[in-house]
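Thank you for making time for this one this morning. I would like to walk through a single structure with you, slowly, and keep to what was computed from it.

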Amino acid sequence: MDIINMIVMLLIGVFGGFISGLVGIGGAIIIYPAILLLPPLFGASAYGAFIASGLTSSQVFFSTLSGSLKARKKAEFSPKLVMNMGGGMIIGSTLGAIIANLFSPTFINIIYIVFAIFALILMFIKVKPASQVTNFNIPLLIIIGFIVGVISGIVGAGGAFIIIPILLVLFKLPMNTVVANSIVIAFISSIGAFVIKFIQGYIPFEDAIFLIIGSILFAPIGLKVGNKIPSVIQKSIVSILITIAILQLIF
């Protein structure tokens with residue numbers, strides 16, 4: 001692995017880790033297209049969809065792990081929410097990672113784009129947060145978690161970029177509660193996809209290590225910064241990232 005690859009992967013990891021902590025996502029919404037598109041622009045080796053998916057799963061796993069250690073200490077953290085949605089997602093993501101080989105790289109990109117567009121639409125739906133956030137529809141949490149997990153496993157994402165709008169719109173949770181829990185849910189979800197893609201050989205260690213280092217170091221920093229900015233700005237950042245990712249993969 002040459003110095004250009006190392007620098008590019010490190011920078012992608014730094015950005016992904018910071019964003020994951022800042023708005024409670026794993027970073028896959030921007031990391032996956034970044035791995036596909038940025039290395040060739042700097043003269044580094046290009047990655048195929050399956051390797052990009054595997055590298056993304058490693059970045060998501062370690063960045064959400066790093067951010068979760070901080071997030072679970074917050075007052076808004078809900079073990080009930082995390083375990084039920086996260087439980088559904090880890091089963092779904094494991095299944096998604098296993099069946100990913102059945103699809104072509106083009107189809108995986110299409111799934112990613114459709115998934116991202118749906119998340120973006122939800123972000124623009126305005127819902128007044130419920131005053132009571134301790135009562136959850138457990139079956140609905142598990143079912144939605146499973147569906148999101150399957151799609152996340154296919155593309156190697158943690159799924160938090162769709163978890164956020166779902167928790168905001170369907171469950172009417174306030175943004176600070178969503179951020180505190182979504183990154184932990186994304187970590188649980190990422191376990192299945194990360195393990196399966198590692199076993200399948202889609203995570204080249206020499207490429208992943210610099211991605212992981214940047215993610216681990218900057219996820220807690222992003223979480224700390226996120227605590228100090230208004231929820232409307234966090235929602236705007238998520239919407240912008242989703243839009244950029246969609247445009248990158250379409251054009």
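Predicted model: local features only at pLDDT ≥ 70, side-chain atom pairs only at ≥ 80, totals over all residues.

How far apart do the end C-alpha atoms of residues 106–126 lie, and what share of the span is helix and what share strand? The end C-alpha atoms lie 33 Å apart, and the span is 86% helix and 0% strand, where helices (H or I, at least four residues) and strands (E, at least two) are DSSP runs, numbered from the N terminus.

Residues are numbered from 1 along each chain as its sequence is written, and side-chain values use heavy atoms, with hydrogens and water left out.

The span I opened with comes from a record: in an unreviewed UniProt entry, the annotation "transmembrane region" covers residues 7–35, 47–69, 81–100, 106–126, 138–171, 177–196, 208–226 and 232–250. UniProt positions are given here in the numbering of this model, feature names are shortened, and such annotations may be inferred rather than shown by experiment. Another of these spans, residues 208–226, is 100% helix and 0% strand, with its end C-alpha atoms 26 Å apart.

A positive patch is formed by Lys70, Arg72, Lys73, Lys224 and Lys228. Patches are made of residues with over 30% relative accessible area and no salt bridge, with like charges joined within 9 Å and nonpolar side chains (Val, Leu, Ile, Met, Phe, Trp, Tyr) within 5 Å. A salt bridge is a side-chain nitrogen of Lys or Arg within 4 Å of a carboxyl oxygen of Asp or Glu, and accessible areas come from the Shrake-Rupley method with a 1.4 Å probe, only the protein chains shown counting as cover for residues. Lysine 70, one of the patch members, is found in helix α3, residues 49–71, and counts as partly exposed because its relative accessibility is 46%, given that buried means under 20%, exposed over 50%, and partly exposed in between.

There is also a nonpolar patch of about 620 Å², made by Ile3, Ile4, Ile7, Leu11, Leu41 and Phe42, and its largest share, four residues, comes from helix α1, residues 3–23. Isoleucine 7 has its place in that helix, α1, and is partly exposed, with a relative accessible area of 44%.

What, then, of the interior? Serine 182, in helix α8, counts as buried because its relative accessibility is 0%; serine 182 and serine 20 are 162 residues apart in sequence, yet 9.8 Å apart in space, C-alpha to C-alpha. Glycine 153, placed in helix α6, residues 138–155, is likewise buried, with a relative accessible area of 0%, and its C-alpha atom is separated by 8.5 Å from that of phenylalanine 194, 41 residues away along the chain.

Lysine 172 has a positive phi of about 55 degrees although it is not a glycine. Lysine 172 sits in the loop between α7 (160–169) and α8 (175–199), and is partly exposed, with a relative accessible area of 40%.

Key. Lys, Arg positive; Asp, Glu negative; His and termini not counted. Charge placed at Lys NZ, Arg CZ, Asp CG, Glu CD. Buried < 20%, exposed > 50% of the residue type's maximum accessible area, 1.4 Å probe, protein only.
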